[in-house]
Amino acid sequence: MSGRVFNLEMDGRSSMNENESAAQFEQEILPHLDAAYNLARWLTGNDHDAQDVVQEASLRAFKFFGGFRGGSSRSWLLTIVRNTFYTWLGQNRPHELSEQSTEELHSVEDPSANPYTLIARNASVEAVREAIEQLPVEFREIIVLRELESCSYKEIAAVTGVPIGTVMSRLARARKQLQEILNLESGERP
Amino acid sequence: MNCEDTQKLLAAYSDGELDLTRTLEIEEHLEICESCREAVEGLSALKKAIWGGAPYYKAPVELRQRVIASLPRSVPAEPKSHFWQMGGWGAGLAMAACLSIGLFLGALVYRPHQLRKEVVSELTSSHIRSLLATHLMDVVSTDQHTVKPWFDGKIDFAPPVQDLSRNGFPLIGGRLDYIHGRTVAVLIYQARKHIINLFIWPSTGNEAETSSPTSQQGYNLVHWRKSGMTFWAVSDLNTKELKEFSQAVESEPSTGGTGRQ
């Protein structure tokens, strides 16, 4: 406690609040560091850039922690990670940012067709990983949030900033494309 | 519920996002409709394949440590308590004892070469500790106008503080440290993944003039003096880039306590 007295003499107030804030942050937000890194790793495609993004996102998260009003701390952190990633993408790989998923613009859904086969059942670990890596970034992020993070549609809508209807249609297209890649991959096997 | 409606809601059903009523309606339909059942199984197989096949990447240990280390911690009550806690200060204790008895050891210590060796050693230890323990920064800010005034009242000098983002070395915070008998200011910069600790204290005139870069335990150190201050940059960053960092620091005009930009 003598540390606190020292801070009061020196600083008035801010150090003490900062420390409490840091402790709270560590307790509430840091448990989701794996989720943050997993998302950043899938989005950036490599460890180095993922660490940069998470580091930056964590600093911003702490800075904004005062504005966190409860609710899902995981979604809150993932939102910051995702936004940090897209800022980073614009600075480091601007050409990727302009790759709109033309799926959304041109695809016509045929509700009677069954897009899913059972090929996926036998897909190898490598095939699955490579298939996800091939997806356009907006499809990849929704697959990661849904299938690896088990986020609800509502959480995905919050993190990605789109309406739930868009989440559902984007998820359907992402899964369809994944299925097609896996079908293709298995078809090439002797 | 018919096939057309079911197909539209299949994914939501499979993802557990439907209300109870519609969930039950779909399950009733699935009992009698093989093609819809196949669709559900196919989607289920895909989801299982993703969950089972796609790696879930966990945060590496060094990332976790860096994030924790970047959170602010309280300044030690007195620099002396910091002093006593460090294992590497045993030699310092012995020196103090000898000085009070006689001066012959003191004469040895204050030869410039010996002094410099000890300072290098302490700087390296401090750098390593700052990375491992939860005490990298006392003030976390990329804004030099926040970091610089933070030192007011805590130390008996005003360290020059500049953000060097446009040179590729963003400022990320500051802290106090204790090197060879005095409290020093430390500014923390980042170059990609590498942390640079920039130690600053007023020159006493005893130190060696600016000398060539050195290294210890795999860490690189660059040293210079300017405007009455001694600077030591310590990092695992390579020497070439660390020298670029030192040049970037050196070439910035002193803020002199007035606002810039």
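Me: A crossing of two helices is left-handed if the near helix is turned anticlockwise from the far one by less than a right angle, and right-handed if clockwise. Which crossing does α2(B) make as it passes α3(B)?

Reply: α2(B) passes α3(B) in a left-handed crossing. This is a predicted model, where local features need pLDDT of at least 70, side-chain atom pairs count only at pLDDT 80 or more, and totals for chains, interfaces and linings use all residues. Residues are numbered from 1 along each chain as its sequence is written, and side-chain values use heavy atoms, with hydrogens and water left out.

Me: Why is α2(B) called roughly perpendicular to α3(B)?

Reply: Helix α2 (residues 20–32) of chain B and helix α3 (residues 34–53) of chain B pack at about 115°, with axes 6 Å apart. Angles of 65 to 115 degrees count as roughly perpendicular (under 35 is roughly parallel, over 145 roughly antiparallel, the rest oblique). Therefore α2(B) is roughly perpendicular to α3(B).

Me: What makes the pair of Y189(B) and F245(B) edge-to-face?

Reply: Rings of Phe, Tyr and Trp (its six-membered ring) pair if their centres lie within 6.5 Å; planes under 30 degrees apart count as stacked, over 60 as edge-to-face and the rest as tilted. The centres of Y189(B) and F245(B) lie 4.9 Å apart and the planes stand at 65°, so the pair is edge-to-face. The two residues are 56 residues apart, in strand β3 and helix α10 of chain B.

Me: Why is Y189(B) called buried?

Reply: Buried means under 20% relative accessible area (exposed is over 50%, partly exposed in between; 1.4 Å probe, protein chains only). Y189(B) has 0%, so Y189(B) is buried. F245(B) also has 0% and is therefore buried.

Methods: Chains are lettered from A and ligands numbered from 1 in the order in which they are written. Axes are lines fitted to C-alpha atoms, for helices over the stretch in contact, and angles run from 0 to 180 degrees between N-to-C directions. Helices (H or I, at least four residues) and strands (E, at least two) are DSSP runs, numbered from the N terminus.
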